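Hello,

Here is the structure I promised to pass on, and my notes follow below it.

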Amino acid sequence: MSDLGLQRIDLFAPPFRGHLHPILAMGRELKAAGYSVCVFSTASAQADIESSGLEAFIFSGIDDSALLRVVNPSGQIGRSPRKLKQQFEAVLVFFRLLNDELQSIYQDRHVDLIIADFTLAPVVLYANKHHLRCWTSLPSPCVLECKDGPPAYFGGLQPKKGKHYQLYYYLARKLVQLFKQSLFYLNRKTIKQMGLESVYREDGSERIYSHEKILCLADPRLEFATQWPKAAEFIGPQLYSPNTAVESLQNLTAPSFIQGKRHVLVTLGTHLDWHKQALWQALQSVCPHFDDVVFHFSNGGAELNKPRSTERCMRYQYINYKQHINSYDLVLHHGGAGIMYHCLQAGIPAIIYPVDYDQFDHAARLAFYGYGLWLKDLKNLKAVLEEALKKESVSQPALHLSSLPTLLELIQKVKGEPESP
C-alpha cells in the first residue's frame, strides 16, 4: 500500500445493467472526489462506461454474446440443482478467462483499491493471492449468508415466529451450504487453480467475498437478517443510468404520457427474455378493464421487430428508469435490485412479479413491509392491479439512508491504513 494512501481505484463489473450501473455510480462519485478510477468490463459495457465520464478497460478474451447466453438462459433456473450446477459450470469457463486477464492486467499495474461486483469472485481471489486490497460490491445483500433470518433462494421466505420455523431456517441454511460445498468439490480442480481452497473461512464467512469490506448497496431496514458477516457494510443503493443506455439502442422510441391518465410501467429488466412475451400477452388481456390507465411495457433493451402497441398498452424497446420513473403511478417489476430501489427512492408503489434468482426474496421483503403487492400468478394480474391502484393498498415507501456511511467516508477511514490480514 502506498504511503500516500488510496489514489488509484479499479472497479470491476459484468456488462449487465443491474450490476454495471451501481459500479458506474460509485466510479463517478470516486472520480468527482479526485481519485483515479478505471472500470473493467466486457465490450458491450464500453459505451456506458465512457459516457459516464470514466476510463474503460475492456477484457479482450471474453465473448459478450456467449456470456449472455449463460446468464440469460432460455428458461427458468429456479431451485433445480441440476440447472444450477450446469449454469455454475458454464460460468466457471468465463471465470478462468477472467483469471487469465487479471494475470495480464496486474503484471505491471499499480492499484490501491479494487471494488468488484459480487458475481466476479475471481477478482477477489486474485487480489487475496497477490495481496491487493479488494472490496466486494453487493446490490442484493439478501443473498449473503447470515446467522439469523430466513435464507435466500427458497422462494421468498418471510420471518415467522416459532421454534419450528427457526429449525426450518436453520436446516435451509445448512442445505445452501451443503449445495455450495458440493459444487466446490465437483469442480475443485478448476476452482483451486483460481486460488479458492475452500468455500468458507474459519469464522464461517464465504471466501468469494472480500474479507475486509462487503459494500451492501441497500437499506438494512428492508432486510430480515440482523447478524451480518463482519465485513458487511451498508451504504445504501447506488442508482445511476447512463444516457448511453438509451442512445446506443436503434430506433428507440421515448415513452409518451397522456394527460389525465394514470401510467403503469411494466418491466422484467434486462434478463428473463424467455418470459417477457407471456407477461406482455397477460397485460394486453387485462388492459381493457382499466379505462383510465396507460401501460408501458419495457423490453429491457431487447430488440423489437416493430413497435407493438395499442392506444393504452405500449411496448417499448427500453425505458430509462432514472429519466422516467417519476412519471409513473405504479410499477410492476420482477424484483431486480435496481428497479426495486428506483421505486423505493421515488416513493412509487409496486407490484412485484418475481420469476427467477433472488427476485423472490426481494418480493418477500417488499410485501412483508407493505411496500408492494406480490403477484404470484399471472392469472391474478387483473385483481392485483385493481388492488395496487387503490392508493391505500400499498404503504408509502420510506428509506432510512441518512445514518449510513458513504463510500467516500469508508475510503477515508482506511486511507493510509494497512489492509487487515
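**Helix pairs and the sheet**

The crossing of α4 and α6 is right-handed, where right-handed means that the near helix is turned clockwise from the far one by less than a right angle, and left-handed means anticlockwise. Before more of this, a word on the source: the model is predicted, so local features need pLDDT of at least 70 and side-chain atom pairs count only at pLDDT 80 or more, while totals for chains, interfaces and linings use all residues. Residues are numbered from 1 along each chain as its sequence is written, and side-chain values use heavy atoms, with hydrogens and water left out.

On confidence, the protein chain averages a pLDDT (the predictor's confidence in each residue, from 0 to 100) of 88, and 91% of the residues score at least 70. Helix α8 (residues 244-247) has the lowest confidence in the chain, with a mean of 56, and β6 has the highest, at 98. Helices (H or I, at least four residues) and strands (E, at least two) are DSSP runs, numbered from the N terminus.

Back to the helices. Two packed helices are described by the angle between their axes and the distance between the axes. Axes are lines fitted to C-alpha atoms, for helices over the stretch in contact, and angles run from 0 to 180 degrees between N-to-C directions.

The axes of α4 and helix α6 (residues 163-186) come within 11 Å and cross at roughly 45 degrees. That makes α4 oblique to α6; angles under 35 degrees count as roughly parallel, over 145 as roughly antiparallel, 65 to 115 as roughly perpendicular and the rest as oblique. In the contact (heavy atoms within 4.5 Å), P81, L84, K85 and F88 of α4 meet F179, L183 and L186 of α6. By class, this contact has 6 nonpolar, no polar and 1 charged residues. Here Ala, Val, Leu, Ile, Met, Phe, Trp, Tyr, Cys and Pro count as nonpolar, Asp, Glu, Lys and Arg as charged, and the others, Gly among them, as polar.

Helix α4 (residues 81-105) also packs with helix α5 (residues 121-129), at an angle of about 40 degrees and with the axes 9 Å apart. That makes α4 oblique to α5, and α4 passes α5 in a right-handed crossing. On the α4 side are F95, L98, N99, L102 and Q103, which meet A121, P122, V123 and Y126 in α5. The residues of this contact divide into 7 nonpolar, 2 polar and no charged.

Now the sheet. It is open and has 7 strands in the order β3-β2-β1-β4-β5-β6-β7, with parallel pairing; two strands pair if DSSP finds at least two bridges between them. β3 (55-58) and β7 (232-234) stand at the edges with a single partner strand each, so one side of each is left without a neighbour in the sheet. From one strand to the next, the twist averages 25 degrees.

Which strands does helix α14 touch? Helix α14 (residues 407-414) packs on the sheet and touches β1 (8-12), β4, β5, β6 (214-216) and β7, and its direction makes about 165 degrees with that of β5.

Best wishes
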